[in-house]
Amino acid sequence: MKIAVIQASSQKEKNVFLEHCLKESIDLQQHEVINFGIFPEENVSYSYVQTAFCVSMLLESRAVDFVVTGCSSGQGMMLACNILPGVLCGYAPTPSDAYLFGRINDGNAVSFPLGLNFGWAGELNLKNTMRALFEEPFGIGYPPQDADRKRADTRRIKELNQITKRSLMEVIVSVDRDFLNSVLRRESVCRYILECGQNRELCKFLKYGN
């Protein structure tokens, strides 16, 4: 599984730590981690809305399989991600939230609170939350006696998510051009999609259409 790390600027000093926690939590698993920042040394600013659009692009292009993200509260990023095509993003402030999201909801993105309640020992909570997210296979259902029903509900949610949302290309051609250009300035994301993306229409747009 290819796992992207990407976040807004509000907590960019935690980027390296976020990547470290992710790699530590999947140490024995064969996953690839790609960190798109924002890095502490970058002198640009990306809002959670701009970043959520990048999350949708990464997932809709099929350049990555899962996205780890966050903002100060984690809530804004989760909400922004979930209005966009191809994204089912959970909010994981605690290990139990992360565990249940992975086992039951089987989404493809998770948003962590990187500022709210991130006080003394906040790093321990983030590490334990990340471990709980990846410690067992996604989508197996929980509790075990209700696993079949939970998996069926999750399949229905994913079907509805596809039905009720427009395609990303429909959104791109309709979105405010200044906002879209601000998203496309995140060059590492666009470059990676062009290298690894499987959505030909999106890749063609990124190469020629902007």
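Asparagine 117 counts as exposed, at 72% relative accessibility; the labels here run from buried (under 20% relative accessible area) through partly exposed (in between) to exposed (over 50%), using a 1.4 Å probe and protein chains only. This is a predicted model, where local features need pLDDT of at least 70 and side-chain atom pairs count only at pLDDT 80 or more, while totals for chains, interfaces and linings use all residues. Residues are numbered from 1 along each chain as its sequence is written, and side-chain values use heavy atoms, with hydrogens and water left out.

Back to asparagine 117: this residue has a positive phi of about 60° although it is not a glycine. Asparagine 117 sits in the loop between β5 (109-113) and α5. Helices here are DSSP runs of H or I with at least four residues, strands are runs of E with at least two, and both are numbered from the N terminus. Alanine 121 lies in the loop between β5 and α5 too, and has a positive phi of about 70° without being a glycine. Alanine 121 is partly exposed, with a relative accessible area of 24%.

Now for the cis peptide bonds. One runs from glycine 37 to isoleucine 38, with omega near 25°, and isoleucine 38 is found in the loop between β2 (32-35) and α2. Another goes from tyrosine 142 to proline 143, with omega near -5°; proline 143 lies in the loop between α5 and α6.

On to the rings. The structure holds six aromatic pairs. Rings of Phe, Tyr and Trp (its six-membered ring) pair if their centres lie within 6.5 Å, and planes under 30 degrees apart count as stacked, over 60 as edge-to-face and the rest as tilted. Here are two of the pairs:

| Pair | Type | Centre to centre | Angle between planes |
|---|---|---|---|
| Phenylalanine 66 and phenylalanine 138 | edge-to-face | 5.4 Å | 85° |
| Phenylalanine 134 and phenylalanine 138 | tilted | 5.9 Å | 35° |

Ring pairs link Phe66, Phe134 and Phe138 into a cluster. Phenylalanine 66 belongs to strand β3 (residues 66-71), and phenylalanine 138 to the loop between α5 (122-134) and α6, so that pair, 72 residues apart, links distant parts of the chain. Phenylalanine 66 is buried at 2% relative accessible area, and phenylalanine 134 is buried at 3%, whereas phenylalanine 138 is partly exposed at 23%.

Which residue has its charged end over the ring of phenylalanine 118? That is lysine 14, 4.6 Å from the ring centre. Arginine 186 lies over the face of tyrosine 46, at 4.4 Å from the ring centre. A charge sits over a ring if NZ of Lys or CZ of Arg is within 6 Å of the ring centre and within 35 degrees of the ring normal.

The largest nonpolar core has 39 residues, and Phe53 and Met57 have the most contacts inside it. Such a core is a set of buried Ala, Val, Leu, Ile, Met, Phe, Trp, Tyr and Cys residues joined through side-chain atoms within 4.5 Å. Elements giving two or more residues to this core include α2, β3 and α3 (75-82), and α2 gives the most, with seven residues.
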